[in-house]
Every structure is written in structure tokens, then in C-alpha cells.
Amino acid sequence: MTPGGWYEPGSSPLHRAPAGGKFAALLVLAAAVFALRSPAWLGAICAAVVLAYGVARVPLRRCAGVARSLAVLAAFVFVLQWWLLGAGQALVVCLRVVAALAAANLFTITTRIDDVVSAVEGGLAPLRRFGVRPDRIGLLVGLTLRAVAALSAIAAEVREAARARGAQRSVTAFAVPFLVRTLRHADELGEALAARGEGDG
Amino acid sequence: MIEFEDVGHSYGERVVLTGVDLRLAERRVAFVGANGSGKSTLARMINGLVAPTSGRVLVDGLDPSRQGREVRRRVGFVFTNPDSQIVMPTAGEDVAFSLRRAGLPRRERAERAAALLAEYGLGGYADHPAHQLSGGQKQVLALCAVLALDPAVLVCDEPTTLLDLRNKRRFVELLGGLEQQVVLVTHDLDLLGGFDRVVVIDGGRVVADDEPEPALRHYRALVT
């Protein structure tokens with residue numbers, strides 16, 4: 001199984017752009033969509049993001065995966081906001097969420113985690129004199145992104161096991177093994193990092 | 001040279017190891033024993049993941065619980081489950097992650113990682129998501145990531161337990177070809193043909209310490 005937002009090897013301009021620059025652009029885009037209120041502008045940004053998927057030559061199955069999960073989320077947000085604030089506001093909120101998440105997904109699809117970690121380390125290097133350890137924060141970012149995949153894999157296996165025992169509706173049949181396995185994974189990961197010399201300074 | 005001097009270990013009341021005295025200088029050493037015999041704990045002491053509660057361990061004269069950093073630079077460790085050992089999303093990145101500590105520039109890290117993967121039969125998988133590799137490939141990747149730092153000693157804690165027969169054989173063949181001193185904790189007794197020395201551990205004690213054949217005969221007698 002492929003959890004959303006996984007690196008997809010490629011050689012497009014977006015793949016080759018420096019990770020730091022892409023990350024800064026992503027932050028600007030996220031700030032912009034939350035500042036803008038006009039559905040027309042937000043729609044234009046969404047269209048631009050879709051265009052960027054084309055420029056990055058993201059395989060169709062990946063696009064379909066992103067589209068599917070965003071559609072589910074957007075529908076949920078739309079219904080909720082419609083009920084709370086009315087259709088106009090709901091559309092604006094939906095477009096914002098779609099634009100920001102689609103762009104963030106594109107970032108992870110076109111950027112190696114190793115490059116993200118290096119960019120974070122480079123960007124934080126000036127803070128070294130204030131006692132910040134950029135390599136530690138870089139590692140934290142890398143492990144966070146990796147944890148998403150690890151936890152979704154554990155969740156899928158636990159769900160499968162619960163289904164095999166006919167307990168797919170039981171909350172405890174999912175939650176207990178999921179927690180146990182997550183904690184064990186954390187233990188093993190910590191041990192592996194220590195063995196690889198992380199934490200030796 | 002790995003030395004255990006009257007090493008003991010207990011988790012609270014539960015004693016897992018007592019009076020272990022070993023000097024391991026052979027190139028291929030195996031620890032064999034039942035589940036819970038203490039063999040994994042003993043292996044973890046070699047790179048300081050576990051500190052002995054009595055006695056001491058020395059690796060080339062260094063104490064892993066005091067000079068952990070120097071020892072871990074010499075001793076690589078491969079775990080049973082590669083999924084918890086692989087920390088980065090793609091195979092190439094995971095090997096490059098090891099090289100990060102060597103202070104190499106990014107491009108060189110990526111090139112060295114790709115070369116190393118190719119050497120161990122994972123050429124072309126550098127950009128492949130690590131979690132989508134087969135079990136055997138994952139364990140080879142975990143091995144590559146450890147070998148990237150060129151350790152003098154390699155400790156493997158039941159690295160073949162999750163592998164099928166073909167991949168078990170392949171993995172042990174890979175280990176056989178390494179120049180490193182290898183300490184292998186295992187249950188796969190058929191794979192120890194080429195080993196120099198087999199240490200059998202039972203109930204927290206060394207009960208046999210010999211060449212593979214007599215040591216394994218002793219172990220088989222013990223469990224039947």
C-alpha cells in the first residue's frame with residue numbers, strides 16, 4: 001500500500017527545483033489562500049496547482065489517489081461549512097483546503113525527504129549560535145514524515161487482523177493492538193537509531 | 001576483539017545473564033539459544049544498547065557503556081525486523097542517512113549510497129520506497145545502511161527470522177563474504193556451516209562454546 005504523499009522519482013523542473021525554494025513557495029501559497037476570499041482567485045490557484053501536477057508529470061494513478069482523498073475531505077468540509085456558514089463560505093473554505101493540501105502533496109511527491117532534511121538543516125544553520133541543533137531538527141522532520149507511513153502500515157495490518165477475526169466494528173480490537181504495535185515500533189526505532197550512532201552527538 | 005568479563009544482567013528481579021566470560025576473536029561467531037535465553041541481550045551489550053549490571057564488556061579495549069560513541073563507530077548492528085531499522089522513506093535515502101554522519105556532501109552521499117546498493121544486488125532501487133521492497137530486500141538494505149559506515153564488527157540479531165529459505169541463504173552468503181568480524185544471533189542452525197565458533201546460551205549462561213558441529217549437537221540435545 002502507498003500512503004499519500006510519497007516521493008515519486010522524476011526529472012521534471014519541479015523535481016529539480018531546490019527543496020528550500022519549493023518549501024518557501026508552499027508556505028507563501030498556503031498564506032495566500034488563507035488571505036484570499038474571492039472564489040475566482042482561489043479557483044485560479046487550484047487550477048494552477050493542477051497545472052503544476054502536469055508540469056511535474058505525476059503519474060495518473062498518483063493523481064487519482066490524491067484526487068480521491070481530497071474529494072472525500074472536500075465533500076465533508078463542504079457539507080459541514082454549508083450547514084454552519086452557508087454555501088458561499090463553504091465553497092471558499094473548500095477551495096482553500098483543496099489548494100493548500102494539493103500543493104503540499106505535490107511538494108512531497110516531487111521532493112526527496114533527504115533533500116527536505118538538508119534544506120531544514122541549511123535554513124536553520126544560522127540559529128546554531130543560539131544553541132539550536134539543526135541536524136536534530138532535520139532528523140525530527142525526516143522521522144515525522146516516515147512515521148506517517150509506518151503508522152498507516154501498522155493501522156492497515158491491524159485492521160486486516162481485526163477483519164480476519166470478524167471484529168471490524170470493534171473499537172478496542174483496533175485500538176489496543178494499534179497502540180501496542182505503535183509503542184513497540186517506537187522502541188525498536190529508538191534502538192535502531194542509537195545503534196546507528198544517532199544521539200552520540 | 002570482543003571480551004565479556006564475568007558479565008551479568010537482570011531486568012529488576014529477573015536474571016537474564018550470569019557469569020558470562022568470553023573472548024571473541026574469531027571472524028565468524030554465532031550465539032545460539034532458545035527464546036529468552038539471553039542471547040539477544042548479550043549481543044546488544046557489544047554496542048552498548050544494553051549495559052551489563054555486573055562485570056564488563058570490552059570491544060577493542062573500549063567499554064561500550066562508557067565510550068558508546070567510539071564503540072558504535074566500530075560496531076554495526078542489524079536487527080530482526082528491518083521495518084524498524086529503516087528510518088528513511090527510500091532505499092537510497094536510508095543508506096545516505098548513515099553517510100550523513102561521515103560529513104560527506106549531499107551529492108557524494110547519494111552516489112556512494114547508489115554504488116553500495118548496486119554492490120549488494122539492490123541496484124536501481126535507490127529511489128524505490130523502502131517499505132515496498134520484499135522482506136529479503138529490506139534486510140539487505142538494512143545491512144547496506146550499516147555497512148555504509150564501514151564498521152569493523154557486525155552484530156546481527158536474528159536477521160533471518162523473517163526471511164524465507166532462499167533469502168535466509170542469500171543473506172548468510174552475503175555475511176560470509178564480508179571482511180568484518182560477524183557476531184550472528186540465530187535460530188537457523190543449518191546456516192552456521194561456515195562459522196568458526198558457536199556459543200550456546202541457555203538460562204542466561206554459556207553452556208557450550210565450540211566449533212559448530214559439537215556445539216550444535218549439544219544444543220540439539222538440550223532442546224530435545
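1. A word on contacts before we start: two residues count as in contact if their C-beta atoms, placed from the backbone, lie within 7 Å. Please also keep in mind that this is a predicted model.

2. With that in hand, have a look at one helix pair in chain A. Lys22(A), Phe23(A), Leu26(A), Leu29(A), Ala30(A), Val33(A) and Phe34(A) of H2(A) are in contact with Arg96(A), Ala99(A), Ala100(A), Ala103(A), Ala104(A) and Phe107(A) of H5(A). By class, 11 of the residues in this contact of H2(A) with H5(A) are nonpolar and two are charged, with no polar residue.

3. How are these two helices arranged? Helix H2 of chain A covers residues 19-35 and helix H5 of chain A covers residues 87-110; their axes are 9 Å apart and the packing angle is about 175°. Angles over 145 degrees count as roughly antiparallel, so H2(A) is roughly antiparallel to H5(A).

4. A second pair in chain A is worth a visit. Helix H7 (residues 134-164) of chain A and helix H8 (residues 171-195) of chain A cross at roughly 140°, and their axes come within 9 Å. That angle makes H7(A) oblique to H8(A). The crossing in which H7(A) passes H8(A) is right-handed.

5. Which residues make that contact? On the H7(A) side they are Ala150(A), Leu151(A), Ile154(A), Ala155(A), Val158(A), Arg159(A), Ala161(A) and Ala162(A), and on the H8(A) side Ala173(A), Phe174(A), Pro177(A), Phe178(A), Arg181(A), Thr182(A) and His185(A). The contact of H7(A) with H8(A) divides into 11 nonpolar, two polar and two charged residues.

6. Stepping back to chain A as a whole, its secondary structure comes to eight helices and zero strands. The C-alpha trace of chain A spans about 55 × 55 × 35 Å along its principal axes. Chain A has 201 residues, of which 24% count as buried. Among the contacts in chain A with a separation of 6 or more, 70% are between residues 24 or more positions apart.

7. The domain assignment of chain A gives domain 1 (13-111) and domain 2 (127-195). Taken over C-alpha atoms, the centres of domain 1 of chain A and domain 2 of chain A are separated by 27 Å.

8. Now to where the chains meet. In this interface, 23 residues of chain B are in contact with 24 residues of chain A. On the chain B side, helix H2 (68-74), helix H3 (82-85) and helix H4 (91-100) are the elements that give two or more residues. H2(B) gives the most to this side, with four residues. The residues of the side of chain B that touches chain A comprise eight nonpolar, eight polar and seven charged.

9. Is Ala91(B) buried or exposed? The residue sits in helix H4 of chain B, and Ala91(B) is buried because 28 other C-beta atoms lie within 10 Å; the cut-off for buried is 20 or more. Leaving aside residues up to four places away in sequence, Ala91(B) touches Leu117(B), Leu122(B), Tyr125(B), Ala126(B), His128(B), Ala130(B), Leu133(B) and Leu141(B). Ala91(B) and Leu184(B) are 93 residues apart along the chain, and 24 Å separate their C-alpha atoms.

10. Glu173(B) lies in helix H7 (residues 165-176) of chain B. Glu173(B) is exposed, since 11 other C-beta atoms lie within 10 Å, and 12 or fewer count as exposed. From Glu173(B) to Leu191(B) is 18 residues in sequence and 9.1 Å in space, C-alpha to C-alpha.

11. Asp6(B) is exposed, with 12 other C-beta atoms within 10 Å. Asp150(B), in the loop between helix H6 (135-147) and strand S6 (153-157) of chain B, also has a positive phi, near 55°, in a residue other than glycine. Asp150(B) counts as partly exposed, with 13 C-beta neighbours inside 10 Å.

Technical notes
Residues are numbered from 1 along each chain as its sequence is written. Chains are lettered from A and ligands numbered from 1 in the order in which they are written. This is a predicted model: local features need pLDDT of at least 70, side-chain atom pairs count only at pLDDT 80 or more; totals for chains, interfaces and linings use all residues. Axes are lines fitted to C-alpha atoms, for helices over the stretch in contact, and angles run from 0 to 180 degrees between N-to-C directions. Angles under 35 degrees count as roughly parallel, over 145 as roughly antiparallel, 65 to 115 as roughly perpendicular and the rest as oblique. Ala, Val, Leu, Ile, Met, Phe, Trp, Tyr, Cys and Pro count as nonpolar, Asp, Glu, Lys and Arg as charged, and the others, Gly among them, as polar. Domain bounds come from an automatic or database domain assignment. A crossing is left-handed if the near helix is turned anticlockwise from the far one by less than a right angle, and right-handed if clockwise.
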